[in-house]
Amino acid sequence: MEIPDWILSALNSESPSLRLKAALWAKANPNVLSVTMLMRSLQNEPVNQIRQIFNDVLAARQASPPETETKAPSVMGTPHVDAPELARLIRHELSPPIGWIRRAGNKEIEEFPKSGTNDAVNRLERRVDAIVALIKADSPLELVSVDLEDVLRGTWPDFATTPSFSPAQELIGRRPNIQTDLGLFELILSNVYQNAVDASNELEDPPPVSVAWSEVDGRFWVRVSNAFRGSQFDVQDVEAAGISTKAGHQGIGISLVQSASARLAYGFRVTGQSGVATFTLTGEVAVNA
């Protein structure tokens, strides 16, 4: 079952009635939205009634995971699960606990985004991302049509800060859709966003992270910019090991971004000059599986 076009915008709406409508839809269709989307909606939701509905959806999924296709038994006698389903199950089991730890830490630890606990949680989440990306590397793409702006806004991982979202001038009055594998696209964005948050947190009173995007003649671009401690670097500094030695911008997750981008036939570039790091992602609006 595909996600209706209105769901993503409703989940991120400032209107409680629209968010409630989306939450009730999710409760009636508990296995359609990804666990990541459900956890993000739960974490950001200020209304107790709506938050409880998302809790109920997650509890229902935990109690009754979808049936998986059973193939030839392994040497240990356990059923074999195909790769896409295995990736989904890993996210299903591990994303909620990671979200619960982050939510508890934000309540109990002063300046949680800058804490070592937050850094550890982020690294754990990236290990999960790495496993999922590895599993999905040779799997068929699961293509869906999504509102580019909704995904860019909805994937922002840090509820303690607010980035500057700004579509390009040529997009004023319209919202482009792209066809993509939503799991891989969110994996790219979440790692890029987290890198931007981590680098900004090393500075005193950093400017907001900037997220811009556009779509022209069947191609789109997304640009994420943030301040960092240091002078300059290039993606070559981080691509081999996924971790940069440059102060102020660790680059953790770049190897995951590379893998997911290659699978989607997207191009990307990461540069840092004059204390500003810029990530640019480009691709076709419609991806060929």
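**Salt bridges and their surroundings**

Modeller: Lys 27 is partly exposed, its relative accessible area being 45%. Keep in mind throughout that the model is predicted. The partner of Lys 27 is Asp 56: the two form a salt bridge in which the closest N and O atoms are 3.8 Å apart. Lys 27 belongs to helix α2 (residues 16–28) and Asp 56 to helix α4 (residues 48–63), so this pair ties together parts that are 29 residues apart in sequence. Asp 56 is also partly exposed, with a relative accessible area of 30%.

In total the structure holds 7 salt bridges.

The next bridges to consider share an arginine. Glu 149 and Arg 175 meet through their side chains in a salt bridge, at 3.4 Å from N to O. Distant parts of the chain are linked here, since Glu 149 is in helix α7 (residues 148–154) and Arg 175 is in the loop between β2 (164–167) and β3 (177–181), 26 residues apart. How covered is each of these two partners, buried or partly exposed? Glu 149 has a relative accessible area of 11% and is buried, while Arg 175 has 42% and is partly exposed.

Asp 150 counts as buried because its relative accessibility is 6%. Through shared partners, salt bridges join Asp 147, Glu 149, Asp 150, Arg 153 and Arg 175 into one network.

Glu 110, Glu 111, Glu 204 and Asp 205 form a negative surface patch. One of these, Glu 111, has its place in the loop between α5 (83–108) and α6 (116–136). Glu 111 counts as exposed because its relative accessibility is 57%, which is over the 50% limit.

Asn 191 is in helix α8 (residues 182–201) and counts as buried at 1% relative accessibility. A polar atom of the Asn 191 side chain lies 2.8 Å from the backbone oxygen of Leu 187. Asn 122 is part of helix α6 and is buried, with a relative accessible area of 2%. Between the C-alpha atoms of Asn 122 and Ile 98 there are 8.8 Å, although these residues are 24 apart along the chain. Asn 226 sits in strand β5 (residues 219–227) and is buried too, at 6% relative accessible area. The C-alpha atom of Asn 226 is 6.7 Å from that of Thr 278, 52 residues away along the chain.

Most residues other than glycine have a negative phi. Ala 265, however, has a phi near 60°, a positive value in a residue other than glycine. Ala 265 is located in the loop between α9 (254–263) and β7 (267–273), and its relative accessibility of 65% makes it count as exposed. Ser 274 likewise has a positive phi, near 55°. The place of Ser 274 is the loop between β7 and β8 (276–284), and at 72% relative accessibility Ser 274 counts as exposed.

Conventions:
Residues are numbered from 1 along each chain as its sequence is written. This is a predicted model: local features need pLDDT of at least 70, side-chain atom pairs count only at pLDDT 80 or more; totals for chains, interfaces and linings use all residues. Side-chain values use heavy atoms; hydrogens and water are left out. Patches are made of residues with over 30% relative accessible area and no salt bridge: like charges are joined within 9 Å, nonpolar side chains (Val, Leu, Ile, Met, Phe, Trp, Tyr) within 5 Å. Accessible areas come from the Shrake-Rupley method with a 1.4 Å probe; for residues, only the protein chains shown count as cover. A salt bridge is a side-chain nitrogen of Lys or Arg within 4 Å of a carboxyl oxygen of Asp or Glu. Lys and Arg count as positive and Asp and Glu as negative; His and the chain ends are not counted. The place of a charge is taken as NZ of Lys, CZ of Arg, CG of Asp or CD of Glu. Helices (H or I, at least four residues) and strands (E, at least two) are DSSP runs, numbered from the N terminus. Buried means under 20% relative accessible area, exposed over 50%, partly exposed in between (1.4 Å probe, protein chains only). A polar contact is a pair of N or O atoms within 3.5 Å; within protein, one must be able to donate a hydrogen and the other to accept it, and residues adjacent in sequence count only if both atoms are side-chain atoms.
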